[in-house]
Each structure stands twice: as structure tokens, then as C-alpha cells.
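Dear colleague,

Please find below the structure that I am handing over to you. My notes on the two ligands follow it.

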Amino acid sequence: MAHFVSSTRDIPATSALPRHVAIIMDGNGRWARKRMLPRFAGHHRGVETVRATVRGCLERGIEYLTLFAFSSENWRRPEEEVSVLMQLFVRALKEEVTKMHRNGVRLRVVGDLSRFDPELRALIDASEQRTATNKRLILTIAANYGGRWDILQAVNRALLGQPKKSRELTEGDLASHLAMSYAPEPDLFIRTGGEQRISNFLLWQLAYSEIYFTDVLWPEFDAAAFSAALLSYQQRERRFGRTSEQLLASSPPVGPPTGTPIDA
Ligand code: IPE
Ligand code: IPE
Ligand code: MG
């Protein structure tokens with residue numbers, strides 16, 4: 001398994017283009033309400049934004065895109081809304097996977113999938129398997145995901161692999177058991193919809209991510225809005241605890257992996 005640098009222990013290589021973008025897709029309900037539409041209409045439109053965002057990542061050569069689709073707390077919503085979200089997930093998997101596969105997208109779903117119905121679980125399995133050898137973009141959908149669930153399951157699995165009291169767990173032991181151990185930590189975390197909170201998303205991995213909050217509602221998060229987020233990212237200085245002077249004295253950052261310019 002690939003081992004990535006932990007940003008609190010080592011300094012990851014950075015570039016003008018984030019390798020990994022993680023997004024809380026928020027604001028579907030408010031988008032619908034503004035138009036006097038039912039909430040599900042917002043979720044439907046939200047799927048189109050997912051499609052456009054995947055395309056945006058492919059065009060730019062972003063390697064990892066992680067989307068928060070359903071949190072472990074979203075079960076608290078009205079039953080009909082939960083059911084619409086599940087149906088949408090099933091439909092999107094059925095309709096989109098062929099195109100994703102053609103475009104070199106590898107799909108992964110992280111979260112506690114045990115609570116999903118067998119049809120959805122089988123579809124997730126089949127979609128992951130079908131796209132398993134693709135490398136151009138790793139698209140992760142976080143579904144029934146919670147950052148605390150992730151840390152706890154990682155600790156528990158790390159402890160299981162530990163002979164009794166041999167030594168204390170290290171960051172590496174824990175990180176290698178997180179649901180997304182296959183990906184580097186997100187460079188850029190985006191939340192649409194105006195709220196400025198993490199809502200139990202990737203708690204461990206966001207330690208040194210650049211955070212970008214926008215009021216744009218998810219159904220309206222278009223190519224220009226994505227470019228604005230990437231431009232904001234490009235203008236930041238990622239110090240990882242060091243001083244600005246230290247950064248200036250060290251070698252310049254490496255360019256984007258594909259050399260694809262960002263149309264900001
Ligand atoms: C995000 O949009 C979608 C999910 C949480 C599944 P919301 O449904 O939270 O939209 P708002 O926040 O009510 O506008
Ligand atoms: C976070 O959005 C979860 C997803 C986008 C899937 P919410 O709309 O559920 O977050 P809160 O409850 O407002 O924090
Ligand atoms: Mg919301």
C-alpha cells in the first residue's frame with residue numbers, strides 16, 4: 001500500500017495545483033427553496049455539479065477528488081429525504097460509472113456501508129471493481145461517513161494488529177488504517193453553501209489542508225466557482241509550521257504534475 005507523508009510529521013511536497021481536493025457539497029436544499037422547489041430538486045441538480053466537478057478535475061490533472069455525499073448524521077433527516085438521497089446514489093452509480101470508466105476514473109466509496117441496503121452495496125462493489133485499475137483520477141464518495149467513525153475504526157483495527165502492549169500506536173499505525181489510507185491528505189478542502197464548519201468530515205486528514213469556504217450553493221458551483229477556489233489555493237503560502245523566510249530560502253515549489261494551466 002502507498003504510504004503518504006503525514007503533514008504533522010513531515011513536510012509534504014506542494015505544487016500550484018492541489019493533488020487532492022475534498023469537498024463538502026452543501027446548499028442543495030437552500031438552492032431548491034430559493035426557487036420554491038422541493039429539496040429533492042436541489043439534490044438532483046447537485047448530481048450535475050458532481051459531474052462537472054469530476055470533469056474539471058480530469059481537465060486539470062487533479063489526482064484525487066473526495067466528495068462528502070452523506071454524513072453519519074444525515075440519517076437524522078426526514079425519512080423521505082434520506083430515501084431520495086439513496087435512490088439518487090443508486091441512479092448516479094448506474095448511469096455514471098460507464099463514463100467514469102471510459103475517462104480513467106477510479107471510484108471508491110468510504111464510510112460505514114453496513115447500514116445501506118444490499119442493492120446499493122452490491123452496486124458500490126461492482127462499480128469499485130469495474131474501475132479498480134483506473135489511475136487518472138481517484139474519485140472518493142464519502143457515504144455514511146463520519147470523521148470520528150473513521151478515527152475510531154482505524155484505532156480499533158490498529159490495536160487488533162498490535163501484539164499486546166508491545167508499544168504505543170504511532171501516527172503511521174493509525175493513518176494506515178483510515179478509510180482513505182490510499183490517498184494523500186487533502187491539499188484543498190472546499191465547503192459550499194456558506195456554512196463554516198467541518199460537520200464531522202475528514203477530521204484527521206484535514207490537519208494541514210487549505211480551507212476554502214464559499215457562499216455559492218452546491219448546485220451553482222460551476223467551473224468558474226471551482227477555478228476561484230483553485231486560484232485562492234494557488235495564492236496561499238503553505239508553511240506547515242515553518243516561517244515565511246524559511247520557505248523563501250528553500251527551493252521553489254514544483255509545478256503542477258501535468259503542466260495543465262488553471263483557467264482562473
Ligand atoms: C447537501 O445539501 C446535501 C446533503 C447533505 C446530502 P443540503 O441538503 O444540506 O442543503 P441545505 O444545507 O439544506 O441547503
Ligand atoms: C454536511 O452537510 C454533509 C454533507 C454535505 C453530506 P450538512 O448540511 O448535513 O451539514 P450540517 O448539518 O449543516 O452541519
Ligand atoms: Mg446542508
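In ligand 2, an oxygen atom lies 3.2 Å from a side-chain N or O atom of Arg191, a polar contact (a pair of N or O atoms within 3.5 Å). The model is a predicted one, in which local features need pLDDT of at least 70, side-chain atom pairs count only at pLDDT 80 or more, and totals for chains, interfaces and linings use all residues. Residues are numbered from 1 along each chain as its sequence is written, chains are lettered from A and ligands numbered from 1 in the order in which they are written, and side-chain values use heavy atoms, with hydrogens and water left out.

The residues around ligand 1 number 13, and Asp26, Gly29, Arg30, Arg39 and Arg77 come nearest (a residue counts if one of its heavy atoms lies within 4 Å). Oxygen atoms of ligand 1 lie 2.7 Å from a polar side-chain atom of Arg30 and 2.8 Å from one of Arg39. A backbone N or O atom of Asn28 is 3.1 Å from an oxygen atom of ligand 1. Taken alone, ligand 1 exposes 380 Å², of which the protein buries 86%.

Yours sincerely

Terms used:
Polar contact = N/O pair within 3.5 Å; in protein donor to acceptor, adjacent residues only side chain to side chain. Areas by Shrake-Rupley, 256 points an atom, 1.4 Å probe, with all protein chains shown as cover.
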